[in-house]
Amino acid sequence: MDHEKIILVTRKTRLEGLVERFNTIGQAKFYIEHSGGDFTLYEREHVAYVNALSKLRSALQRLAKLQEIERGFLPNFLFAPEDVVVTIGIDGLVVNTAKYLDGQPVVAVNPDPAHIDGVLLPFNVQSAIPAVQKVLRGEVRARQISMAEAVLNDSQTLLAFNDLFIGAKTHVSARYKIKLQDQEEHHSSSGIIVSTGVGSTGWLSSLFNMANGMYEVFSQDKKHDMVLPPVRMKWESDRLVFVVREPFVSKTSRAELVSGLVSPAAPLVIESEMAEGGVIFSDGVEADFLPFNSGAIATVNLAKKKTQLVVE
C-alpha cells in the first residue's frame, strides 16, 4: 500500500486543560499553588510538549502531506486506509487512537522521555522521522497488538485496547447472567474486568494484588508462602482474561464462574439483569460507554481489528 498522508494526533497538556477550566494562566496558577501544588511542573511539562510537537511537525511536513488532529476530535475523524498515523503524547494517546483505526500503522512518539516512561512509545522526536520514512516506503515493522471487543445484541460495539468493564455505573451491585462455554450462573458483583495482553499489567494486575493481600492476612496455612502469580500475556495474545470483582453469594447469585480465559472458541456472554445504570466502557473512559440494561446481551471476544504499532 502506498502511504501518502501523515495524520499527526496530538493532545492538550495539563496546563491547557487548567486554562480551559480557569480561563487564564494566572487563575490556574493561583488554584494549584493555593492547593499546595507546584505549578512549575505543569509549566515544564507544557513547554516540553510544545517544543517536541513543533520539531516533530516541522520534520513531518517535509516528508508528506500532513494533517493534524487533537485527541478530542478522534470520534468524528475518518482515517483513510493509506494513512500513516503518528501520535505524540503519553501511552493513553495511543490507546485512544487505536480504537479508531483499521490496520493503519502507528508511530508512537514520546515527547519527554526524561519524564514519561512510555511503554507504548518506542520513538522520540528524532528517531520517529526515519521510522516514518520507512513506513512511507512500505517498510513496516510492527507489532500486531490484540484488542477486545464487546458486541451487543442490537449490534452496538465497543473496542478496548487495555480492558473492558461490564457492570453498573455507580457503586450499586451489578446484576447479570454470565456464560462461558457450558458454564453459566447469575451474579451480583462489582462488575467484570476483561483484559487484553497489553492491559494485563494494568487494572487486571491490581486484582491479583488484592487476592494475594487477602491470602497473606487470612490464610490459615502460614507455613507456605502462597502467591498467585499475575497473568502476563504477550501483546499479540490470542486470548483475553476476565475476572469478576467482588462476587456476592446469595439465594439468587453464585460465585463459581469468576475468572477465566476468553478466546475465539470460547467467547464470554453476559446478559444484563439491571433495570437501569448498566454500562460497558473501555480503557477507563467512563464517558464513552454502551448502555447495558435489562434485555441487553454482550458477547465479548477478541476483536478482528489489530493495532499495528511500529517498532524500531
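**Figure 1. Helix 3 and helix 5 in this predicted model.** The axes of helix 3 (residues 39–61) and helix 5 (residues 125–136) come within 10 Å and cross at roughly 25°. Helix 3 is therefore roughly parallel to helix 5; angles under 35 degrees count as roughly parallel, over 145 as roughly antiparallel, 65 to 115 as roughly perpendicular and the rest as oblique. Axes are lines fitted to C-alpha atoms, for helices over the stretch in contact, and angles run from 0 to 180 degrees between N-to-C directions. Helices (H or I, at least four residues) and strands (E, at least two) are DSSP runs, numbered from the N terminus. From helix 3, Ala52, Lys55, Leu56, Ala59 and Leu60 meet Val125, Ala128, Ile129 and Val132 of helix 5, where contact means heavy atoms within 4.5 Å. By class, the contact of helix 3 with helix 5 has eight nonpolar, no polar and one charged residues. Ala, Val, Leu, Ile, Met, Phe, Trp, Tyr, Cys and Pro count as nonpolar, Asp, Glu, Lys and Arg as charged, and the others, Gly among them, as polar.

This is a predicted model, in which local features need pLDDT of at least 70 and side-chain atom pairs count only at pLDDT 80 or more, while totals for chains, interfaces and linings use all residues. Residues are numbered from 1 along each chain as its sequence is written, and side-chain values use heavy atoms, with hydrogens and water left out.

**Figure 2. Helix 1 against helix 3.** Helix 1 (residues 14–22) packs with helix 3 at an angle of about 115°, and their axes are 8 Å apart. Arg14, Leu15, Glu16 and Leu18 in helix 1 meet Phe39, Tyr42, Glu43, Glu45 and His46 in helix 3. The residues of this contact divide into four nonpolar, one polar and four charged.

**Figure 3. The largest nonpolar core.** The largest nonpolar core has 30 residues, and those with the most contacts inside it are Leu164, Ile192, Phe242, Leu268 and Ile280. A nonpolar core is a set of buried Ala, Val, Leu, Ile, Met, Phe, Trp, Tyr and Cys residues joined through side-chain atoms within 4.5 Å. Buried means under 20% relative accessible area, exposed over 50%, and partly exposed in between (1.4 Å probe, protein chains only). Several strands each supply at least two residues of this core, including strand 5 (142–152), strand 7 (163–168), strand 8 (174–180) and strand 13 (268–272). Its largest share, four residues, comes from strand 8. Apart from this core lies another, of 24 residues, among them Phe77, Ala108, Met147 and Phe161.

**Figure 4. The surroundings of Leu268.** Leaving aside neighbours within four places in sequence, Leu268 is in contact with Ile178, Lys179, Leu180, Ile192, Val194, Phe242, Val262, Ala298, Thr299 and Val300. Two of these partners, Ile192 and Phe242, are listed with Leu268 among the residues with the most contacts inside the largest nonpolar core.

**Figure 5. Glu184 and His186 in strand 9.** Glu184 is found in strand 9 (residues 183–189), and His186 also has its place in strand 9. Glu184 is partly exposed, with a relative accessible area of 44%; His186 is partly exposed, with a relative accessible area of 35%. Glu184 and Leu257 are 73 residues apart along the chain, and their C-alpha atoms are separated by 7.2 Å. For His186 and Arg254, 68 residues apart along the chain, the C-alpha atoms are separated by 6.1 Å. Leaving aside neighbours within four places in sequence, Glu184 is in contact with Lys177, Ile178, Lys179 and Leu257. Under the same exclusion, His186 is in contact with Tyr176, Lys177, Thr252, Ser253, Arg254 and Glu273.

**Figure 6. Thr97 in helix 4.** Thr97 lies in helix 4 (residues 91–98) and is buried, with a relative accessible area of 1%. Beyond its neighbours within four places in sequence, Thr97 is in contact with Val9, Leu74, Phe79, Val85 and Thr87.

Figure 7. Most residues other than glycine have a negative phi. Gln181, although not a glycine, has a positive phi of about 55°. Gln181 is found in the loop between strand 8 and strand 9 and is exposed, with a relative accessible area of 53%. Phi of Asp283 is near 55°, also a positive value in a residue other than glycine. Asp283 has its place in the loop between strand 14 (278–282) and strand 15 (289–291), and at 15% relative accessibility Asp283 counts as buried.
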